[in-house]
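Subject: Structure handover

Hi there,

Here is the structure I promised to pass on. Please open it in your viewer before you read my notes.

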Amino acid sequence: MTVQITLLTQPSCALCDHAKEVLDRLTGEFDITVRELALATPEGQRLAVASGMAFPPAVLVDGQPFAFGRLSERRLRRRLTRDR
């Protein structure tokens, strides 16, 4: 089953770039689909408010809040391994 990951980002965000690198690596190992969405868009704002994660980057896994700020590859890898 494919895991849907939503990444809320903003321009010129070093932590967002880091999160994209982590997700690129994990895409090769796990059955995940990554959707990047700008935090400044109406949908991005709605998701940020609904998830309580207004600080970029924000990561939602299957629509549920997972992390914001610096993304821990180890923590996400554990979650994806557990959900296999």
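Below is what I found in it, starting with the basis of the values.

This is a predicted model, so to speak of local features I need pLDDT of at least 70, with side-chain atom pairs counted only at pLDDT 80 or more, while totals for chains, interfaces and linings use all residues. Residues are numbered from 1 along each chain as its sequence is written, and side-chain values use heavy atoms, with hydrogens and water left out.

**Overall fold**

The protein chain has three helices and four strands; helices (H or I, at least four residues) and strands (E, at least two) are DSSP runs, numbered from the N terminus. Read from the N terminus, their order is β-α-β-α-β-β-α. The radius of gyration is 12 Å, close to the 12 Å of the globule rule for 84 residues, so the chain is as compact as a globular protein of that length. That radius is taken over C-alpha atoms, and the rule is 2.2 Å times the number of residues to the power 0.38. Along its principal axes, the C-alpha trace spans about 30 × 25 × 15 Å.

Contact means heavy atoms within 4.5 Å. Among contacts with a separation of 6 or more, 61% join residues 24 or more positions apart.

**The cores**

Of the 84 residues, 42% count as buried (under 20% relative accessible area; exposed is over 50%, partly exposed in between; 1.4 Å probe, protein chains only). A nonpolar core is a set of buried Ala, Val, Leu, Ile, Met, Phe, Trp, Tyr and Cys residues joined through side-chain atoms within 4.5 Å.

The largest such core has 16 residues, and Ile5, Leu71 and Leu76 have the most contacts inside it. Two or more residues each come from strand E1 (3-9), helix H1 (14-27), strand E3 (58-61), strand E4 (64-68) and helix H3 (73-83). H1 gives the largest share, four residues. Beyond its neighbours within four places in sequence, Leu76 is in contact with Ile5, Leu23, Leu26, Val61, Phe66 and Leu71. Another core, of eight residues, lies apart from this one and includes Leu47, Ala48, Met53 and Ala58.

**One for you to look at**

Is Arg79 buried or exposed? Arg79, which sits in helix H3, is buried, with a relative accessible area of 19%. Leaving aside neighbours within four places in sequence, Arg79 is in contact with Val61 and Phe66.

Best wishes
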